[in-house]
Amino acid sequence: MWGIARRGLRLATGLMLGAVMAVAELPFVVLSGVCLLLVLAWPRGRRAVLRPVTAAVRTLTEANRRRLRIYVAADTSASYTDRRALEYLSLRWALGLLGALVLVAVLIGAVYGTLWLYACLMVADVRHPGTVLMSSVAGLFLLFLSLQGTFGVAGLETKLARRCLGPSPHEQLELRIAQLSSSRAGVIAAVNDERRRIERDLHDGVQQRLVALGMLLGRALRSKDEMRADQLLRQAHEESWQALTELREVAWRVYPTVLDEAGLRAALETVAERSAIPVRLDYEMDRDPETAVATVAYFVVSEAVTNAVKHSGAGLITVRVAQGEDGVLVHIEDDGAGGADSSGSGLFGLARRVAALDGRFRVDSPAGGPTIITAELPCA
């Protein structure tokens, strides 16, 4: 819910800036049309007229591209022509004014929707309670429609920008090829990192335990003192249990069998139970996602919880897995000191895992906390 509200606030800010820019774009489009007519009537002044017009078109278009990228999360191509940019501006100002009307409707709906609250708190004797109630209901309805209009205008802005400015189908294909090449390289690197980590865990943990076990058994065989041999055998027995425990830990970190046997929720509950810091799990999925998505979601949560236990100094970790707009939304938040490095080996490896599924991975960890890790995993 908070994510939707934050997105709506960001879109409203983008539309507000778009409305302000539309005030400048409308007279500019009219003036540009007059200038182009003058060029037809006076061909010799073509260069003197077109140069400032083109520069202004580029400036306004780039400002809109930045606005869309920051507030609407819409990327467009930078390789557009001057003609396409002018076409974009000649249509964009109308959407800017429409966005202004939608925002005004939001304010009016908010005012009328809270009229009943004003009447209850500020007016001692309400003479027409039915009118107040109907006005509040109408205001809330207008607020609902205008909020939906905010998302609608943002969608129209995105479609117009991509239609006029690109990217073209050829550029989209090249971008997609580059993304696939990058994600494939990331998967290969992640697999190699995982192999190195498994080798290190086996060498530093299980192998050392087995070496100690062999030494204890050898000393027990060579000992002529029965009590000493019995003591060494007991130590060897304990060492064998320790080796088995560490071997299970390594196998669990490679791939938890409970993920296949009982599903994602059970696997995440196991992560919460094994954590040294209390973990609150909110699992809001009606059914488990497909295996590839569930595996990445599990490793994102597992690695994020492990990093929080090691480095954050947090007292509580909150994990939320829910159905997002386009797939599975994984949200991990801790109340620790913050300052997590998204380029570190652990988080960078998670980013590569998510990118391999064409997902989005974001780390927000200001100094002082909290640390918020979000992964959006698309479902097929």
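Predicted model: local features only at pLDDT ≥ 70, side-chain atom pairs only at ≥ 80, totals over all residues.
Let's start with two helices, H9 (residues 264-274) and H10 (residues 291-312). Their axes come within 10 Å and cross at roughly 10°. Angles under 35 degrees count as roughly parallel, so H9 is roughly parallel to H10. On the H9 side, the residues that meet H10 are Leu264, Ala267, Leu268 and Val271. Their partners in H10 are Ala294, Ala297, Tyr298, Val301, Ser302 and Val305. Sorted by class, this contact has nine nonpolar residues, one polar residue and no charged ones.

In the largest nonpolar core, which has 35 residues, Leu264, Val330 and Ile332 touch the most other members. Several elements each supply at least two residues of this core, including H9, H10, helix H11 (345-356) and strand S3 (327-334). H10 gives the largest share, eleven residues. Looking beyond residues up to four places away in sequence, Leu264 touches Leu259, Tyr283, Asp288, Pro289, Ala294, Ala297, Tyr298 and Val321. Apart from this core lies another one, of 20 residues, with Leu11, Val53, Tyr88 and Cys164 among them.

Our last stop is Met285, in the loop between S1 and H10. Is this residue buried or exposed? Buried means under 20% relative accessible area, and Met285 has 10% relative accessibility, so it counts as buried. Leaving aside neighbours within four places in sequence, Met285 is in contact with Val321, Ala322, Gln323 and Val328. The C-alpha atoms of Met285 and Arg265 are separated by 8.8 Å, with the two residues 20 residues apart along the chain.

Conventions
Residues numbered from 1 in each chain as written. Heavy atoms only, no water. Axes fitted to C-alpha atoms, helices over the stretch in contact; angles between N-to-C directions. Helix = DSSP H or I, 4+ residues; strand = E, 2+ residues; numbered from the N terminus. Parallel < 35°, antiparallel > 145°, perpendicular 65-115°, else oblique. Contact = heavy atoms within 4.5 Å. Nonpolar A, V, L, I, M, F, W, Y, C, P; charged D, E, K, R; others polar. Core = buried A, V, L, I, M, F, W, Y, C linked by side-chain atoms within 4.5 Å. Buried < 20%, exposed > 50% of the residue type's maximum accessible area, 1.4 Å probe, protein only.
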